[in-house]
Amino acid sequence: MTVTNKSHPEEFILLGFADRPWLELPLFVILLVTYPLAMMGNIAIILVSILDPCLHSPMYFFLTNLSFLDMCYTTSIVPQMLTNLGGSTKTISYMRCVVQLYFFHTMGGTECVLLALMSFDRYVAICRPLHYTLIMNQRTCLLLVSTVWLTGISYAVSEATVTLQLPLCGHNKLDHLVCEIPVLIKTACGEKESNELALSVICIFMLAVPLCLILASYASIGHAVLKIKSTEGRKKAFGTCSSHLIVVLLFYGPAISMYLQPPSSITKDQPKFMALLYGVVTPTLNPFIYTLRNKDVKGALGNLSRNIFSSKRKLIDI
């Protein structure tokens with residue numbers, strides 16, 4: 001192994017599923033299909049939220065941020081996965097690993113807090129409808145979203161920077177598909193208990209606190225919805241919230257099982273499958289969850305499609 005200096009290697013070998021090579025081709029094909037789907041779905045959500053005046057509300061402003069975040073999230077890992085799964089070279093340079101580490105964890109930390117913010121928005125809309133426009137005004141929404149992004153960046157910079165200071169003692173093999181903090185901590189040598197403790201504490205803050213806020217918001221929402229006498233009103237309220245709840249379950253389930261336990265206790269293949277779930281599957285499914293269960297988004301997508309086709313016909317006629 002070549003070393004640029006005595007602190008880190010020039011490149012890492014991402015072992016992935018080297019012990020089960022028969023998995024590589026199916027995974028390569030799945031990623032080759034899901035990645036364009038994720039990009040197209042999230043771009044469509046962003047476009048309709050911007051172009052359709054009916055969707056110019058805080059809820060869709062936050063959804064636009066989630067779609068942009070998911071695009072960045074999946075882009076930070078899928079191209080590297082495709083390169084490694086589709087070729088004989090399973091390496092990633094040290095600098096690319098560092099960039100991926102910061103980028104991937106910035107998106108993950110931001111999404112944790114953004115999902116909590118979206119649940120708060122639903123809480124205000126359903127439990128405080130008369131004060132909704134006053135509370136969730138444009139200035140407040142911009143301030144909240146800026147805070148969310150700043151929190152995600154702060155988490156990634158602090159945790160990744162500390163992790164990169166750990167000595168690797170000549171090890172340059174990562175038993176993973178991507179560069180991720182728990183795997184780097186597990187690979188490092190020497191005293192790393194303080195890093196494991198720091199990771200656990202920060203992840204409790206980044207995962208458990210937003211999740212508690214989400215659960216508290218939906219407990220209040222559920223109580224308020226049960227008081228609605230109209231069956232149609234109840235269905236509309238539940239329909240608005242159910243999409244977000246599904247996304248929360250898809251994201252928080254794998255993330256909690258991965259980050260709220262000491263890295264030393266993580267099983268061999270757990271990081272790989274968890275990364276595929278919250279880095280690939282969730283960003284791909286999110287646009288479909290929101291469109292299939294939301295009449296406003298479906299209507300806006302239909303209008304956008306009709307406008308595109310009508311524009312094409314006019315160009316053909318000319």
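Hi everyone, let me start with a pair of side chains: Glu 24 and Lys 90 meet in a salt bridge, at 3.2 Å from N to O. Glu 24 lies in helix H1, while Lys 90 sits in the loop between helix H3 (78-86) and strand S2 (91-93), so this pair ties together parts that are 66 residues apart in sequence. Both Glu 24 and Lys 90 are buried.

How confident is the predictor in the chain? The mean pLDDT is 81, and 87% of the residues reach 70 or more. Residues 1-5 are another matter: there pLDDT stays under 50, and the model has eight contacts beyond four places in sequence for them. Where pLDDT is low, the predicted coordinates should not be read in detail.

Back to the charged pairs. How many salt bridges are there? The count comes to three. Another joins Asp 175 and Lys 272, whose closest N and O atoms are 2.9 Å apart. That pair links distant parts of the chain, with Asp 175 in the loop between S3 and H7 and Lys 272 in helix H10 (residues 270-292), 97 residues apart. Are these two partners buried or exposed? Lys 272 counts as buried because its relative accessible area is 0%, whereas Asp 175, at 23%, is partly exposed. There is also a salt bridge between Arg 122 and Asp 121, again with the closest N and O atoms 2.9 Å apart. Both Arg 122 and Asp 121 are buried.

Now for the cysteines. A disulfide is a covalent bond between the sulfur atoms of two cysteines. The structure holds one disulfide, and Cys 97 and Cys 179 are the residues it joins, with 2.0 Å from S to S. Where do they sit along the chain? Cys 97 is in helix H4 (residues 94-127), and Cys 179 is in the loop between strand S3 (173-174) and helix H7 (181-187), 82 residues apart. With -125° about the S-S bond, the link is left-handed. Both Cys 97 and Cys 179 are buried. Cys 72 is buried too, because its relative accessibility is 14%, and Cys 141 counts as buried at 4%.

Next, have a look at Leu 14, in strand S1 (residues 11-14). Why does Leu 14 count as buried? Because its relative accessible area is 2%. Beyond its neighbours within four places in sequence, Leu 14 is in contact with several residues, among them Gln 80, Ile 92, Leu 174 and Val 178.

At 38% relative accessibility, Pro 26 counts as partly exposed. From Pro 26 to Leu 85 is 59 residues in sequence, and 9.5 Å in space from C-alpha to C-alpha.

Last, the database record. In an unreviewed entry, UniProt lists several stretches under "transmembrane region", including 102-120 and 197-216. In the model, residues 102-120 are 100% helix, with the end C-alpha atoms 27 Å apart. Residues 197-216 are likewise 100% helix, and their end C-alpha atoms lie 27 Å apart.

Methods
Residues numbered from 1 in each chain as written. Predicted model: local features only at pLDDT ≥ 70, side-chain atom pairs only at ≥ 80, totals over all residues. Heavy atoms only, no water. UniProt positions renumbered as here; feature names shortened; annotations may be inferred. Helix = DSSP H or I, 4+ residues; strand = E, 2+ residues; numbered from the N terminus. pLDDT = per-residue confidence, 0-100. Contact = heavy atoms within 4.5 Å. Buried < 20%, exposed > 50% of the residue type's maximum accessible area, 1.4 Å probe, protein only. Disulfide = S-S within 2.5 Å. Salt bridge = Lys/Arg side-chain N within 4 Å of Asp/Glu carboxyl O.
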